[in-house]
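Here are my notes on this one, jotted down in the order I'd want to talk them through. Have a look at the structure first, then read on.

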Amino acid sequence: MSIFDRFKTKKETEPELTVEETAAVEAPIQETAEEPVPATEFVEYMLQAMNCEFKAEDRDNSIYYLFDYQGGHFRLDASKQSNIINIEFPFIYDVEPEYLNLVRIHCNDMNFRARFSKFLYTFDESKNRIFIHIFTGFNVPLQKNDVNGSFKAILESHFALQRDFCSKLEEKMKGMDKNHPVDLQIENMQNARMMYLLNEQELL
């Protein structure tokens with residue numbers, strides 16, 4: 001008996017399905033869309049799972065959290081009505097006001113390369129210092145049980161961003177005379193314009 005005959009014999013000996021069973025088999029599978037987990041529910045679940053103590057401040061449309069993670073002080077704003085979360089990693093570095101131009105350019109460079117995070121700076125007149133901060137926004141994933149996933153990875157990424165920012169800024173500061181500050185952004189544009197004109201002359 002060939003394989004085709006055995007298959008035919010098997011099919012012929014199988015019991016016929018009833019009308020209800022046939023309808024159940026042929027019915028399309030209904031896919032149910034998962035609702036996004038509210039940002040506040042996700043954040044508290046994650047912080048508790050990671051054994052992070054936190055303080056929560058209730059605001060109009062969000063809840064503001066303060067917590068420490070691996071020695072870093074974080075602030076987090078979680079929406080009550082959507083799955084949007086904004087993370088702040090404040091005061092990652094501070095410099096004297098004489099380095100303002102350098103800080104501004106360095107923040108622009110880092111912001112151009114960073115995918116999700118942004119570097120901002122503020123001035124504290126009481127301390128006469130410029131402070132740099134990191135801000136990151138993201139959407140809560142559909143599943144809240146991924147403790148080792150996006151939330152934890154984003155928090156840990158801030159430490160790498162801090163190291164990268166500080167090391168490169170310190171290198172630039174070494175080659176700058178803070179007593180005679182110049183607008184490096186204007187200087188860079190002037191140098192770029194000069195190189196362009198020189199290249200154009202070479203092509204003539």
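1. Let me start with the pocket. Helix α4 (100-113), strands β5 (117-124) and β6 (129-139), and helix α5 (150-174) each put at least two residues into the lining of the largest pocket. The largest share comes from α5, with four residues.

2. Keep in mind that this is a predicted model. The protein chain has an average pLDDT of 79, and 71% of its residues reach at least 70. By element, strand β2 (residues 62-69) has the highest mean, at 95, while helix α1 (residues 3-13) has the lowest, at 44.

3. Two stretches need a caveat. Over residues 1-11 the pLDDT stays under 50, and the model gives that stretch two contacts beyond four places in sequence. Residues 27-32 also stay under 50, here with zero contacts beyond four places in sequence.

4. The side chain of Asn111 comes to 2.6 Å from the backbone nitrogen of Phe119. Leaving out residues up to four places away in sequence, Asn111 touches Ser117, Lys118 and Phe119.

5. Now Met173, over in helix α5. Met173 has a relative accessible area of 16%, so this residue is buried too. Which residues does Met173 touch, not counting those up to four places away in sequence? They are Tyr93, Val95, Tyr99 and Leu102. Take Val95 as an example: Val95 and Met173 are 78 residues apart in sequence, yet their C-alpha atoms are 9.9 Å apart in space. Leu102, another of the residues touched by Met173, falls within the range of α4 (100-113).

Notes. Residues are numbered from 1 along each chain as its sequence is written. This is a predicted model: local features need pLDDT of at least 70, side-chain atom pairs count only at pLDDT 80 or more; totals for chains, interfaces and linings use all residues. Side-chain values use heavy atoms; hydrogens and water are left out. pLDDT is the predictor's confidence in each residue, from 0 to 100. Contact means heavy atoms within 4.5 Å. A polar contact is a pair of N or O atoms within 3.5 Å; within protein, one must be able to donate a hydrogen and the other to accept it, and residues adjacent in sequence count only if both atoms are side-chain atoms. Buried means under 20% relative accessible area, exposed over 50%, partly exposed in between (1.4 Å probe, protein chains only).
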